[in-house]
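Q: Can you walk me through this one? I'd like the sheet, the metal site and the rings.

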Amino acid sequence: MKATLALTQEQIAFFHREGYLSIPNLTTSDEAARLRDVYDRIFSERAGREHGDHLDLVTHDDDDQAEPALPQILKPSKYAPELAQSLLRANADVVARQLLGPEVSFLDDHAIRKPARNGAATPWHQDEAYNSPNLDYHQISIWVPLQPATMLNGCMQFVPRSHRWDIAPHHPIGHDPKVIGLEVDDPDLYLADAVACELQPGGATVHLGKTMHYTGPNLSDDARRAYILMYAAPPTKRDSPRDFYWLRQQQTAWQARAANAAEKR
Ligand code: NI
């Protein structure tokens, strides 16, 4: 599909200054509605469960039959090719090149579906806290809601300019090493500076790997569907490795499932 979007110089400058960007028109509202059905289908099928690509971010996730509290699907475009053959994807490719340069490539996608009225918050975190402490990352996440994103249903919130910070200490959510999701220590520190980005369908936000971000619980009567595309330029080796001790603490059922699936491949 042919891209229809190009960011303005103002948008690009804003992104590099603030560490995030809100884009009103990544795709059309029609396409967002069409992809919403595809998205709901793969979640109802628990697509990727046997491949280690389906997980629950906030529970022990050790029961294949239990209703997940905050389900995530890794590589959803593998299970729903419509996501890759979309205007959304074509425009996201352009945005990524504009923001990270010609070296950038599509890394991965994932999807987080917050059920109506019972979704947990995705606590404050920096995405790079999940990565290797030995590398510096040049990555962005393009976060695309497939219905309106509001304060009520858990729109994206950022701390402006936090992309210039180091990675703050994190811990597994609830200090439970069996939980895969990470939360920054002292999350209350960030609330006062948070900027919320409400969006209409077709809009998106973009943030860097170090940008501090959060989405609230979903208090609405509809699911809050987020589709996230990650792009990266090649990471660079750090002179001094960091200590991401929180990664060594984690022992999750998902890690075991993913390792098991990799072994069978
Ligand atoms: Ni994140």
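Predicted model: local features only at pLDDT ≥ 70, side-chain atom pairs only at ≥ 80, totals over all residues.

Q: What is the strand order in the open sheet?

A: The 7 strands run E1-E11-E6-E13-E4-E3-E2, with antiparallel pairing. Strands (E, at least two residues) and helices (H or I, at least four) are DSSP runs, numbered from the N terminus. Two strands pair if DSSP finds at least two bridges between them.

Q: Which strands are the edges?

A: Strand E1 (20-23) and strand E2 (54-56); each pairs on one side only.

Q: How much are neighbouring strands turned against each other?

A: By 20° on average, direction ignored. Axes are lines fitted to C-alpha atoms, for helices over the stretch in contact, and angles run from 0 to 180 degrees between N-to-C directions.

Q: How many bridges join E3 to E4?

A: 3 bridges, between residues 71-74 of E3 and residues 105-114 of E4, running antiparallel. Gln-72 stands opposite Ile-112 there.

Q: Which strands does H4 touch?

A: Helix H4 (residues 87-100) packs on the sheet and touches E1, E4, E6, E11 and strand E13 (224-237). Contact means heavy atoms within 4.5 Å. The direction of H4 makes about 35° with that of E13.

Q: Back to Gln-72. Buried or exposed?

A: Gln-72 counts as buried, at 8% relative accessibility. The cut-offs: buried is under 20% relative accessible area, exposed over 50%, partly exposed in between (1.4 Å probe, protein chains only). Gln-72 touches residues including Phe-43, His-54 and Ile-112, not counting residues up to four places away in sequence.

Q: New topic. What coordinates the nickel ion?

A: His-125 (NE2), Asp-127 (OD) and His-213 (NE2), at 2.1 Å. Donors are N, O and S atoms within 2.8 Å of the metal (3.2 Å for Na, K and Ca); water is not among the atoms, so sites may look incomplete.

Q: How are the donor residues spaced in sequence?

A: As H-x1-D-x85-H. His-125 lies in strand E5 (residues 122-125) and His-213 in strand E12 (residues 213-215), 88 residues apart. His-125 is buried at 7% relative accessibility, and His-213 is buried at 4%.

Q: Now the rings. How many aromatic pairs does a search of the whole structure find?

A: 9 pairs. Rings of Phe, Tyr and Trp (its six-membered ring) pair if their centres lie within 6.5 Å; planes under 30 degrees apart count as stacked, over 60 as edge-to-face and the rest as tilted.

Q: What geometry do Tyr-20 and Phe-158 have?

A: Tyr-20 and Phe-158 are stacked, 4.9 Å centre to centre with 20° between the planes. Tyr-20 is in E1 and Phe-158 in strand E7 (residues 156-158), so the pair ties together parts 138 residues apart in sequence. Phe-158 is buried, with a relative accessible area of 0%.

Q: And why is the pair of Phe-106 and Tyr-231 edge-to-face?

A: Because the planes of Phe-106 and Tyr-231 are at 75°, with centres 5.4 Å apart. Phe-106 is partly exposed at 26%, whereas Tyr-231 is buried at 2%.

Q: What sits over the ring of Phe-106?

A: The charged end of Arg-89, 3.7 Å from the ring centre. The test is NZ of Lys or CZ of Arg within 6 Å of the ring centre and within 35 degrees of the ring normal.

Key
Residues numbered from 1 in each chain as written. Heavy atoms only, no water.
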